[in-house]
Amino acid sequence: MNTTAYIAQHILDVHEGKNWTESDIKSSLSDVTWQEAGVRTAASANSIAALLHHLTFWNRVMIQRIQGQRVIIPEHNGFNVGPLQNEEEWAALKADNLASAHELAQLVLTVDDKRLELPILTGYSTTYKNLQGTVEHIHYH
């Protein structure tokens with residue numbers, strides 16, 4: 001298996017399970033209600049829903065960067081999710097996150113390993129650091 005295949009699998013594992021931390025987004029959110037997902041606590045400026053939206057946003061930023069597009073990151077940085085109104089909206093937010101993970105993983109599989117040591121875009125760090133950093137970012141949140 002080449003390096004990009006490992007990175008693509010790691011992206012899926014942190015979203016859907018079977019990663020080294022035994023913690024993943026899908027399992028962690030499986031019993032969170034839409035009401036709980038929208039709560040902001042004193043411990044965080046963001047709700048669970050906002051954090052999930054942020055991670056989905058960044059998956060798609062990485063997709064654009066792999067495709068050679070410079071992305072201007074808006075001030076909201078992907079935390080701009082509106083208040084959830086019902087279970088369907090919460091389910092859609094979770095589904096969109098998993099879809100973004102699969103989109104990113106599929107694209108990562110097309111990246112030649114030789115590109116990993118090159119900047120993802122001129123003036124940026126290496127493609128490897130950007131892709132592996134995406135996984136680390138998800139674990140962080």
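Analyst: What follows looks closely at one helix and then at its surroundings.

This is a predicted model, in which local features need pLDDT of at least 70 and side-chain atom pairs count only at pLDDT 80 or more, while totals for chains, interfaces and linings use all residues. Residues are numbered from 1 along each chain as its sequence is written, and side-chain values use heavy atoms, with hydrogens and water left out.

The part to follow is helix H4, residues 48-66, where helices (H or I, at least four residues), like strands (E, at least two), are DSSP runs numbered from the N terminus. Its 19 residues reach 27 Å from the first C-alpha to the last, which is close to the 27 Å expected at 1.5 Å a residue; the expected span is 1.5 Å times one less than the number of residues. Of these 19 residues, 14 are buried, so H4 is largely enclosed by the rest of the structure (buried means under 20% relative accessible area, exposed over 50%, partly exposed in between, with a 1.4 Å probe and protein chains only). Just after H4, glycine 68 takes a positive phi of about 90°.

One partner of H4 is helix H6, residues 127-140, and the two axes come within 11 Å and cross at roughly 175°. That angle makes H4 roughly antiparallel to H6 (under 35 degrees counts as roughly parallel, over 145 as roughly antiparallel, 65 to 115 as roughly perpendicular and the rest as oblique; axes are lines fitted to C-alpha atoms, for helices over the stretch in contact, and angles run from 0 to 180 degrees between N-to-C directions). On the H4 side the contact, meaning heavy atoms within 4.5 Å, is made by His54, Leu55, Trp58, Asn59, Met62, Arg65 and Ile66, and on the H6 side by Asn130, Leu131, Thr134, His137 and Ile138. These residues divide into 6 nonpolar, 5 polar and 1 charged (Ala, Val, Leu, Ile, Met, Phe, Trp, Tyr, Cys and Pro count as nonpolar, Asp, Glu, Lys and Arg as charged, and the others, Gly among them, as polar).

Some of the residues just listed also have other neighbours. Histidine 15, which has its place in helix H1, touches Asn59 and Ile138, and also, among others, Asn97, Leu98 and Ala101, when residues up to four places away in sequence are not counted. Histidine 15 is buried, with a relative accessible area of 0%.

Arginine 115, in the loop between H5 and H6, is in contact with Arg65 and Ile66, as well as Ile120 and Thr127, leaving aside neighbours within four places in sequence. Although arginine 115 and threonine 127 are 12 residues apart in sequence, their C-alpha atoms are 6.7 Å apart in space. At 24% relative accessibility, arginine 115 counts as partly exposed.

The 22 residues of H5 (residues 87-108) should span 32 Å at 1.5 Å a residue, and the end C-alpha atoms are 32 Å apart, which agrees.
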